[in-house]
Amino acid sequence: MEVVYWKEIGKELGRLQVKKESVKYRIAPFVQWKVLIAEQNAEVKKGMPAMLKIRDVEIPENTILAPLSIMRHAIGTTIDVIEKGISRVEQEKRITHAIFLPVEDGVVEKGDIVGVLKVFFVKTGVIDRRFGFSPSDFKIREDMVTANLVYKENGVLKRKTIKTRFFGYFKSYIAEWEPVISTENVDVKKGDVRRIRIKEIRLQPNTVVTPLHIMRNAFGSVIEVVQARPSKVEEEKLIDEAVFLATKDGKIQKGDLLGVLNIYYTAIGKFEPKMTPKEEKFARFVYEKSGRIFRSGMLLKPFAYRRKPISRWEPLVSTEDLTLKKGEVAEVEVEPIKLEENTIVYPLYIMRHAYGTVLDLIEKEPAKVENQKTIKSVLFMPLFDGEIRKGQLLGVINVYNVEVEPYEVLSKWLNEWVEEMRRVFEGGSK
Amino acid sequence: MKCVVFTNKELDLEGLDVKDIYVIFAKGAKESITLSDRGEMLNLALSKIPIIKRAEELIEKLEKKYNVVGMSVVFEDYETEINRVLDAQKPDIVVAGRYMPITDKLLKSKTTILFYRGKVVFDRILYVHSEGANAEVAKQWLKKGKEILIVGIVEPMMPPEAHAKRMKEAQEKMKREVEELYKEFNASKVVLVGSIGKVKRIAREFDADIVILSRGVGKEAIEAVLENTEVGVLVV
């Protein structure tokens with residue numbers, strides 16, 4: 001496959017031929033955060049991805065990146081990042097730009113927080129994967145700088161200067177799913193990026209969320225979720241809106257399932273994660289079949305899952321030539337990727353194609369996590385006018401194996417984990 | 001003044017004019033072989049969470065007094081982190097609050113190094129001057145002193161008879177430099193031919209609060225002074 005990257009962003013392209021392969025790795029339960037801060041003012045336009053220069057962020061070797069979901073800036077969200085040059089997971093990386101997708105017109109100011117990265121420590125070697133991590137495998141570094149938290153209060157944009165200090169947290173492999181259900185009727189047009197009001201999701205303290213990938217609605221994908229007011233990971237959160245990217249013209253109806261959130265439990269700060277009883281929720285599943293849109297109502301049972309620490313990367317390689325226009329989201333066919341039953345996927349952060357980034361995977365009639373599936377196309381957001389050629393790498397996905405159980409089991413898993421972690425938190429050091 | 005603190009505990013830096021601080025929280029963590037996923041998580045949590053908690057507590061305390069610009073938590077390979085922070089932060093001073101390797105990069109730089117041993121007090125300074133000393137930086141610190149003893153050390157050359165002329169020149173140069181400092185700071189002075197080991201006795205007899213060493217004495221000599229004295233050592 002061919003890797004197309006920027007030697008100098010927007011000016012000189014580099015090309016590499018590399019062997020396409022699936023790579024297994026082990027992921028550690030410790031996660032660090034890195035805050036992304038705009039380095040200069042930028043006027044942004046709703047729905048048009050903007051490449052923002054950010055303060056350089058150094059990322060240690062043997063790490064992969066993901067976004068800390070929940071919109072971190074009042075006027076948009078970071079959908080990917082760009083590194084200086086091109087690096088392997090095993091190498092140190094320098095992140096220089098954020099790809100910012102605005103949900104409204106406005107100005108990102110120098111010093112604004114535009115996103116937060118999660119840095120996962122991984123091991124790729126066969127022996128390393130087997131024997132796991134030791135404490136010395138982690139390099140925890142944090143620059144503490146003043147930056148603006150940008151949020152809205154009663155519709156008014158506010159900037160609050162804070163001093164960033166994000167160390168990181170221990171994550172459990174325990175999670176639950178929460179459906180993202182529209183509470184309004186909305187007409188959408190292909191390419192629209194808009195907030196949609198959703199059935200409130202109350203998140204317990206010590207939880208982080210991330211959208212479950214593989215598009216769950218025929219009209220588009222949930223890119224991000226929005227909370228009523230800013231809060232810390234260790235606090236309770238109320239999610240009441242989703243940022244939805246429409247991939248075709250249509251109508252979103254009240255009660256439609258827009259997407260699904262993964263909710264992970266973490267150990268951080270005052271450590272008291274808890275779960276609350278959950279009930280079945282009704283939603284309409286919107287899917288396409290033979291060129292027609294169908295809606296099918298269903299009761300969604302609450303489910304929990306436990307993720308395995310061994311995962312793999314799968315490269316997404318285009319099988320078609322395509323002309324791209326900046327900001328016009330495209331469906332691109334890729335070499336089929338077979339996903340076994342009980343797997344979930346996340347695109348790997350850091351833009352892997354010079355002209356844009358993979359936002360989501362597409363399955364015309366999405367199957368349950370518990371079922372096998374084959375991915376044949378992806379949702380690609382161009383950041384530049386340009387082209388994709390057959391055989392080019394578009395992105396990489398992380399494929400995780402999970403153990404799915406009814407929600408009641410979560411309580412048992414979580415209690416065991418909380419007890420162990422509490423002993424660590426309250427106990428002495430070694 | 002920008003300061004990098006290499007430590008695993010709180011330090012009293014009142015005697016320094018510190019404004020910005022970067023902390024390298026260095027603490028060896030117990031390693032063990034992982035036998036299961038659960039074992040791996042517990043092992044990591046047990047070894048890391050208490051250390052991170054202590055680092056956070058330290059930062060919170062420091063933030064009340066200084067502008068904390070960043071922090072690293074390192075469990076091993078201290079040298080790499082010291083060198084990286086030296087490049088990234090370009091500090092005026094590195095304070096070693098616990099055992100810290102003296103890296104070649106640190107020694108070749110112009111950054112002052114303080115080996116912390118309790119309070120930082122400059123009332124009685126023993127300054128060890130040597131060939132190639134950074135006198136201007138040394139003077140900045142000597143200004144803080146109330147009583148100063150300047151020791152010029154000339155390493156003996158072997159065999160003495162073959163280097164008599166050079167030896168004499170080195171001694172005279174040292175005497176001149178010490179004399180200049182002596183006049184400027186109204187200090188006591190002594191020029192010795194001998195090894196750095198003599199500093200231990202001199203420091204004790206002078207009852208020094210701090211020993212200031214010219215980095216020109218070299219890494220081994222700095223380590224020897226650290227081994228043989230109980231007061232703070234500042235390398236300029």
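I began with the second largest pocket, where strand 1 of chain A gives the most to the lining, with three residues. Strands (E, at least two residues) and helices (H or I, at least four) are DSSP runs, numbered from the N terminus.

I noted the ground rules. This is a predicted model, in which local features need pLDDT of at least 70 and side-chain atom pairs count only at pLDDT 80 or more, while totals for chains, interfaces and linings use all residues. Residues are numbered from 1 along each chain as its sequence is written, chains are lettered from A and ligands numbered from 1 in the order in which they are written, and side-chain values use heavy atoms, with hydrogens and water left out.

I looked up what a pocket is: on a 1 Å grid over the protein atoms alone, it is an open set of points with protein on both sides within 12 Å along at least five of seven lines. A cavity is a set of points where a 1.4 Å probe fits but cannot get out, and lining residues have an atom within 4 Å of a point. A volume is the space filled by probe spheres set on the points, which are joined across faces, edges and corners.

The second largest pocket has a volume of about 740 Å³. I found 28 residues in its lining, with Ser87(A), Arg88(A), Arg352(A), Leu393(A) and Val396(A) nearest its centre. By class, 19 are nonpolar, three polar and six charged. Here Ala, Val, Leu, Ile, Met, Phe, Trp, Tyr, Cys and Pro count as nonpolar, Asp, Glu, Lys and Arg as charged, and the others, Gly among them, as polar.

Next I took the largest pocket, at about 1400 Å³. Its lining has 48 residues, and those nearest the centre include Phe166(A) and Lys232(A). Which element gives the largest share of this lining? Helix 1 of chain B does, with six residues.

I then turned to cavities, and twelve have 30 Å³ or more. The largest cavity holds about 420 Å³. It is lined by 34 residues, and Pro67(A) and His213(A) are among the closest to its centre. Strand 31 of chain A gives this lining five residues, the most of any element.

Last, I checked Val18(A), which sits in the loop between strand 2 (12-17) and strand 3 (23-37) of chain A. Is Val18(A) buried, partly exposed or exposed? Val18(A) counts as partly exposed because its relative accessibility is 31%, and partly exposed lies between buried (under 20%) and exposed (over 50%), with a 1.4 Å probe and protein chains only.
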